[in-house]
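I opened a new notebook page for this one and wanted to get my bearings. Here is what I looked up, in the order I went.

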Amino acid sequence: MGGGSDAARKAARLVGCGAQLTVIANQVNEELQSLFDKQHIVLHKREWQPIDLKDVSLVIAASGNEATDKLICSAAHAQRCWVNVANN
């Protein structure tokens, strides 16, 4: 969850390892847009919703907003998902 440089860096590394990723963010940087254009990720340009955590194994909270990342983290824990929070 997030579309900035932290999210892009983590997404690129995970894609390089063969992960299937869905990125959810209102806006994304050029690197994430490029991954989407090359069909390496699924992209939803919108706010995250708790339903987005259904059937996922790993959540990366990289929204750039500490309060939002805390909400994502709490929701991920409630769904028993692994979660990584990108801190500034």
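Ground rules next. This is a predicted model, where local features need pLDDT of at least 70 and side-chain atom pairs count only at pLDDT 80 or more, while totals for chains, interfaces and linings use all residues. Residues are numbered from 1 along each chain as its sequence is written, and side-chain values use heavy atoms, leaving out hydrogens and water.

**Entry 1: helix 2 and its strands**

I started with helix 2, residues 30–37. What caps its N-terminal end? I found Asn29 there, with a side-chain oxygen 3.2 Å from the backbone nitrogen of Glu31. After helix 2 comes Gln39, and its phi is positive, near 60°.

Then I looked at strand 1 (residues 21–24) and strand 2, which run parallel and are joined by four bridges. For the record, two strands pair if DSSP finds at least two bridges between them. Ile24 has His44 of strand 2 as its bridge partner. I traced the chain from strand 1 through helix 2 to strand 2, and this β-α-β crossover is right-handed. That word means that, with the strands pointing away from the viewer, the path from the first strand over the helix to the second runs clockwise.

**Entry 2: Asp52 in the loop**

I went on to the loop between strand 2 and strand 3, where Asp52 sits. Is Asp52 buried or exposed? It counts as buried, at 15% relative accessibility. Its side chain reaches the backbone nitrogen of Gln49 at 2.7 Å. Asp52 also touches Met1, Ile24, Arg46 and Glu47, not counting residues up to four places away in sequence; contact here means heavy atoms within 4.5 Å.

**Entry 3: helix 3**

Strand 3 and strand 4 run parallel too, with four bridges between them. Val59 stands opposite Val83 in strand 4. The chain gets from strand 3 to strand 4 through helix 3, in a right-handed β-α-β crossover.

At the start of helix 3, a side-chain oxygen of Asn65 comes to within 3.0 Å of the backbone nitrogen of Ala67. Past the other end I noted Arg80, with a positive phi near 60°.

Which residues of helix 3 are buried? I listed Asp69, Ile72, Cys73, Ala75 and Ala76. Strand 3 (58–61) and strand 4 (82–85) are among what covers them. The face turned away carries the exposed residues Ala67, Lys70, Leu71 and Ala78.

I zoomed in on Ala75, which has a relative accessible area of 17%. It touches Trp48 and Leu53, not counting residues up to four places away in sequence. The C-alpha atoms of Ala75 and Pro50 are separated by 6.6 Å, though the two are 25 residues apart along the chain.

Notes. Buried < 20%, exposed > 50% of the residue type's maximum accessible area, 1.4 Å probe, protein only. Helix = DSSP H or I, 4+ residues; strand = E, 2+ residues; numbered from the N terminus. Polar contact = N/O pair within 3.5 Å; in protein donor to acceptor, adjacent residues only side chain to side chain.
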